[in-house]
Amino acid sequence: MNDETALLSDDLVQRTLGAALHTGGEFAEVFVEDKRSTSAMFDDGKVEELSSGRDRGAGIRVVVGETTGFAHTADLSETGLVAAAQAAAATAKGGGGGTRTIDLDRQSATRPNEVQVLPETIAKATKVELLGRADQAARDAGPAISQVMARYADSRRRFLVANSDGVLAGDDQVRTMFSVSCVASGDTGMQTGRETIGRTVGFELFDEYDVEELARTAANRALTKLAAVPAPSGEMPVVIGKGGGGVLFHEACGHGLEADLVGKNASVFADRVGEQVANRSVTIVDDGTMPTEWGAYAFDDEGRAGQRNTLIENGILTDYMWDLLRARRAGRASSGNGRRQGYQYLPMVRMTNTYLGNGTDDPDDIIASTERGVFVAQLGGGQVNTATGDFVFGMTEAYLIENGEITAPLREGNLIGNGPEVLTLIDALGNDFAMGSPGTCGKDGQGVPVGDGTPTLRVAKLTVGGTAA
Amino acid sequence: MSDELLALGDRLVAAGEAGEQVEVVLAQGTGTSVRAYRGEVEAFTSATSRALGVRVIVDSRQGFASAGSHDLDVAIDTLAEARDNASFAEVDPHVALADPDGRPGADIDPWSDAVARMTDAERIALAIGLEAKVLGGDARITGVRTASFGDGSSESAIVSSSGIRVAGRQSHAAMSVQAMAGSGDETSTGYAYDGGRDASAIDVDAIAAEAVERAVTMLGAAKPDSGKVAAVFEPRKTASLLGIVGGMLSGDRKLRGRTPFADRLDEVIASPLLTLIDDPTDSRSLSADSHDGEGLATRANTLIDRGRLATFLYDTVTARRAGTVSTSSAVRSARSTPGVGAQALIMHPGSGSLDDLVAGVDLGVFVYALQGLHSGVNAVSGDFSVGVEGRMIRQGQLAEPIREATIASTLPRLLLDISAVADDREWLTSGDAMCSMVIDGVSLGGS
C-alpha cells in the first residue's frame with residue numbers, strides 16, 4: 001500500500017521546490033494529494049443514491065518571515081506545478097533568491113494500524129446490502145419509528161509531502177464509516193436518534209461492528225426521547241457518560257491548547273504551561289497513534305509522524321499542540337498536529353484523538369452521589385470561543401438525575417460553560433474509559449476527522465440551556 | 001469561458017448511452033485571500049478550482065459521481081462511474097432530470113469587473129488597513145485574531161439530455177475581523193464582517209467600528225440570572241434563525257415527515273408580523289441567480305404570508321413525488337446531487353427602528369452572538385437551545401453585558417412569539433434580506 005510515491009516523482013518534487021524557492025523563500029513545501037471517496041445512502045425505504053468523488057491536486061506554500069504564500073492546482077504537470085509554485089512565491093519574497101537544490105530524505109513512521117480489506121476491493125452491492133439490513137433492524141425496533149436514514153461511506157486519501165528542509169513523507173489513509181439516523185413519531189411530536197461508527201480501517205470494520213446493533217441503538221435513542229420532558233434551565237451538576245464526553249474536552253480545552261491560537265494570545269491557556277489548571281485527577285492526551293481511531297495517521301499533512309502528546313498531566317498544563325510553522329518560530333519540533341482538509345488548504349494546528357484518561361470512581365457511585373442534575377449519555381457537536389474560553393455543546397441523549405437516580409429523558413439542547421472553569425470543576429472521574437463516536441472538527445473553514453474519549457465524569461456545575469424552570 | 005464549460009457539458013451528455021438520461025454540472029473559479037497579522041501579510045492564497053458532477057439516470061435508477069477536474073479523461077471516467085453507481089440504486093419512478101419549462105430566467109448578472117482589475121497590493125492594503133483600524137479603535141483593544149480580505153469569481157454551467165443548457169457567473173468580495181479587548185485577566189471578543197460583488201461594496205470603517213464596539217462592550221460581561229425574557233435579534237441574527245426555518249419548509253422534509261410544519265400548509269404557523277419570501281430573482285440579493293441547481297428559471301416563492309404557511313419548496317424529484325411542480329428550489333454544488341432549499345430569503349419590513357424595538361422591551365436580551373446553532377437546534381423535533389452573548393435590556397434601555405448563557409424555546413414557538421419587526425431591512429452577505437425583530441418569552445439560562 002506504500003505507492004504514494006507514484007503521485008509525483010522525486011525529480012519533479014525537487015524542481016517544484018526549486019521554483020518555489022526562486023524568489024528567496026526561507027521555506028517551501030509541496031503537498032500532493034489523491035483522494036477517492038464512495039458513499040451510499042438509504043432513505044425512505046430504499047437505496048437512494050450511490051455517489052463517488054475524486055480529487056487530485058497539489059498545494060504549494062512558501063514562507064518568508066511571518067508571511068506565507070500559498071497556491072494550489074489540480075494540474076499535476078510540471079507546467080501546472082511550476083505556475084502554482086511561482087504564484088505562491090509571488091507574495092513571499094525573500095532577500096536572496098537564485099537556485100537551490102533540496103536533498104530529499106524519506107521519513108518513516110509506524111502505521112497506527114494496517115488496513116486489512118481496502119474498501120475499493122469490495123463490490124458496491126455488498127456495501128448497499130449493509131444499508132438494507134440496518135434499515136430493517138431500525139424499523140423492527142418499534143412501530144413508532146417513522147423514518148430511517150442509513151449511510152455508508154469510505155475514503156482513501158494518499159498524499160506525498162516534501163519541503164525545503166529535505167523532508168519527504170507520504171501516507172495512505174483509509175477511513176470507513178456507517179451511520180443510522182431515525183425519526184420516531186408519537187403524540188408529543190417527533191424525535192431523532194443517531195449512531196455512527198467510523199475507523200481508520202477498511203471493510204473489516206463490519207467484522208467488528210454489527211450494523212443492525214448500530215441501527216437498534218439509533219432507533220432506541222429516538223424512541224426513548226418520545227417521552228422526553230423539557231430540559232431544565234440554569235446551573236446544575238452534569239454527569240457525562242463514558243465515551244460521550246470527549247467533545248467536552250475537545251472544546252473546553254483542546255482548541256485553547258493549539259499553538260496558533262496561543263501564539264496570537266487568542267487563548268485563555270496562553271502563558272500557563274506548568275500551572276495547575278485542573279483537578280489532580282485530570283490527565284488529557286492528544287494521540288494521533290491510537291490504532292484504528294478516527295483521528296489516527298502515520299504522518300500528519302506536513303510529513304511529521306503522528307505522536308502521543310500529553311497536554312495536561314495530573315492537572316498541570318504540560319504543553320500545547322504544534323504544527324511545523326509555529327514550532328519553527330518557537331525553535332522546537334512539531335508535535336505532529338499539522339493537518340489540512342485537502343490540498344486546497346493551508347495546514348494548521350489540529351487535534352487528532354483527544355481524551356481524558358481514567359479516574360478511580362465507580363460510575364454508578366457518581367450518579368448515586370448526585371442529588372439533582374443532568375446525565376448526558378451522548379453529546380452532539382460543540383463550539384468554543386478560545387479567547388474567552390466559553391464553549392457550548394449539544395446533548396442528544398440526556399436524562400434528569402433526581403435523588404441519585406437517572407429518571408426522565410430530556411429534550412435536546414445546548415450546555416454552556418467556560419473551559420478553564422470547567423477543568424477545575426470536575427469533581428468525579430470514573431474508571432470506565434471509552435472512546436466516543438467519530439467526529440469532524442471544524443476550524444477556520446476546514447474540517448478534519450477527529451476522535452475523542454472519556455470515562456464517566458461529573459462537572460460540579462454547568463449551565464443547561466433548557467426551557468423548564 | 002462559459003462557452004468552454006457548455007462545450008464540455010455537451011460532449012459528456014453526447015457520450016450518454018441509449019436509454020440514459022445524463023446531467024452534467026460544471027463549475028470553475030479563481031479566488032484570492034489575504035490574512036493580515038501585526039501589520040504584515042500572514043497568509044496570501046491564490047486559488048483556482050474546478051468541479052464536475054455527473055448524474056446518470058437509467059431505468060429509473062440514479063447514480064452520481066464527481067471530480068475536481070475538467071480534464072476530458074477524468075470527465076469520461078466520472079460519467080462511467082456515475083453510470084456504474086446507477087446500477088446499484090433501487091428503482092424509483094420519481095427520479096428524473098428537470099425538463100425545460102419554457103420560462104425565461106430573470107435578467108441577472110451578479111458580476112463586477114472590478115474584481116479582475118484589483119491588484120494584490122490593493123487586497124493586502126485592505127486587510128492590513130482593517131487590522132490597523134481595529135487596533136487603533138480603542139485603547140482597550142489588545143489584539144486582532146484575524147483580519148482578512150478575500151475575493152474571487154466563478155462560472156458554472158448545467159447541461160442535460162433533457163434539454164437544459166444554462167450558464168452563469170458571479171463575483172464576490174468579503175472582509176472579516178475578530179477583535180480582542182482586554183481588562184486585567186479578562187478577554188472579550190467582537191466579530192464583524194461585510195461583503196458584496198466587489199471590494200467597493202465593503203464598508204471597512206463600519207466593520208472595524210463594529211468589531212471594536214462589540215469587543216469593548218463585552219468587557220465585564222457576566223452570567224445572567226435564569227428566567228423568561230424577550231430576545232432582540234438584529235438582521236444578521238434574524239437571518240440565522242429564519243435560515244433554519246427556511247430549511248424546515250422543504251417539500252422533501254414535508255414528504256418524509258421530518259419537519260414539525262409537515263401538516264400545517266395554509267395554517268397559521270407564525271406571528272402575523274412575519275412575511276417571508278424566497279426570491280432569488282431579486283437582483284439586490286447577493287445570492288440572486290437566474291437559474292436553480294437543476295437549470296430551471298428561478299422564481300419568487302412566498303413561504304410565510306402574514307403568519308400563514310403558504311408553500312413548501314420543491315425540486316424536480318421532490319415535486320414528482322408530491323404530485324406537484326418544482327418551485328425551482330434545487331440547491332447544490334457540482335459535487336453533489338440536488339437538494340431542496342431556500343436561495344434568497346427576504347423578509348417584509350415592519351415598522352419602527354431597532355432603537356424603538358429595544359425601547360419597547362421591559363426585560364430582555366439584545367443578542368450579539370449565537371453559539372452552537374449546529375448542536376442545539378433540531379429541525380425535526382423543533383427543539384431550540386443556543387449559547388448567547390449580548391446585553392440585557394432593562395426598562396427599554398441597553399444594560400449590562402452577558403455571556404455564558406443560553407436562550408431556549410422551540411422553533412414553532414419562536415415563530416409565533418415574534419412580537420415586533422423593525423423597518424430596518426438589510427441585504428446581508430448571506431444573500432438574505434432581514435429585519436431586526438423581538439421574540440417574547442424565551443428561556444434565558446444562566447446561573
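In chain A, 75% of the contacts with a separation of 6 or more are between residues 24 or more positions apart; a contact here means two C-beta atoms, placed from the backbone, within 7 Å. Quick caveat: this is a predicted model, where local features need pLDDT of at least 70 and side-chain atom pairs count only at pLDDT 80 or more, while totals for chains, interfaces and linings use all residues. Residues are numbered from 1 along each chain as its sequence is written, and chains are lettered from A, ligands numbered from 1, in the order in which they are written.

So what's in chain A? We have 10 helices and 23 strands, meaning DSSP runs numbered from the N terminus: H or I, at least four residues, for helices, and E, at least two, for strands. The radius of gyration of chain A, over C-alpha atoms, is 24 Å, close to the 23 Å from the globule rule for 469 residues, so chain A is as compact as a globular protein of that length. That rule is 2.2 Å times the number of residues to the power 0.38.

Now the interface. On the chain B side, 63 residues are in contact with 65 residues of chain A. The top contributor on that side of chain B is β2(B), with 11 residues.

There's also strand pairing, which takes at least two DSSP bridges. Strand β2 (residues 46–64) of chain A runs parallel to β3(B), joined by 5 bridges. And who faces Arg54(A) in β3(B)? That's Ala67(B).
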